[in-house]
Amino acid sequence: MNIVLMILLGALAGVLSGMGIGGGVILIPALTMLFSQTQHGAQNINLLYFIPTAIFALIIHAKNRQIETKILPVTIIGGIIGAIGGSLIALNLQGDTLRKIFAGFLLIMGIVEFLKGRKKAANTAA
């Protein structure tokens, strides 16, 4: 049963990754709640999971010419700097603190998206 659930979880996270949303939004909470992974362990699994899913999504998006290449180099440099800094910070945080930061991030993103949706609906109705 766990293997089937893990495959379904991986597939759902893969769909989100392919859409550019990020499978970690589903994968990390599910790994900690359903499979008793530590927060650090779940985030590390997510990092390894991201590599092959990102490669396949990138191939499909590149084939369909959906990649904005003008901003890519600067974004990659910023991402590398952020990944190094974030990794160093995460290594020095307790799992509970890391979990709270991740939950806060998800909450803030949810609120921002909710407000953007309401604003868009209000502009459409006007």
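Guide: Arg 99 is partly exposed, with a relative accessible area of 35%, where buried means under 20%, exposed over 50%, and partly exposed anything in between, using a 1.4 Å probe and counting protein chains only. The model we are looking at is predicted, so local features need a pLDDT of at least 70 and side-chain atom pairs count only at 80 or more, although totals for chains, interfaces and linings use all residues. Residues are numbered from 1 along each chain as its sequence is written, and side-chain values use heavy atoms, with hydrogens and water left out.

The partner of Arg 99 is Asp 96, and the two form a salt bridge in which the closest N and O atoms are 2.8 Å apart; the term stands for a side-chain nitrogen of Lys or Arg within 4 Å of a carboxyl oxygen of Asp or Glu. Side chains of opposite charge can pair when their charged atoms come close. Asp 96 is partly exposed as well, at a relative accessible area of 48%. Because Asp 96 and Arg 99 lie three residues apart in helix 5, which covers residues 95-125, about one helical turn separates them. Helices here are DSSP runs of H or I with at least four residues, strands are runs of E with at least two, and both are numbered from the N terminus.

How many salt bridges does this rule find? The count comes to two, and the other pair joins Lys 116 to Glu 113, with 3.2 Å between the closest N and O atoms. Lys 116 and Glu 113 also sit in helix 5, and because they are three residues apart, about one helical turn lies between them. Glu 113 is partly exposed, its relative accessible area being 43%.

The C-alpha atom of Gly 14 is separated by 9.7 Å from that of Ile 26, twelve residues away along the chain.

The loops hold two residues whose backbone deserves attention. Ser 36, in the loop between helix 2 and helix 3, has a phi near 55°, a positive value in a residue other than glycine, and Ser 36 is exposed, with a relative accessible area of 65%. Arg 65 lies in the loop between helix 3 and helix 4 (72-91); its phi is near 50°, again positive in a residue other than glycine, and Arg 65 is exposed at 78% relative accessible area. Helix 3 itself, residues 39-63, contains Ile 59, which counts as exposed at 52% relative accessibility.

Stepping back, the chain has five helices and zero strands, so that its pattern along the sequence reads α-α-α-α-α. The C-alpha trace spans about 45 × 35 × 35 Å along its principal axes, and of the 126 residues, 19% count as buried. Among contacts between residues at least 6 apart in sequence, 50% join residues at least 24 apart.

A last point concerns confidence. The mean pLDDT of the chain is 90, and 99% of its residues reach 70 or more, where pLDDT is the predictor's confidence in each residue, from 0 to 100. Confidence is lowest in helix 1, at a mean of 89, and highest in helix 4, at 93. Where pLDDT is low, the predicted coordinates should not be read in detail.

Key:
Contact = heavy atoms within 4.5 Å.
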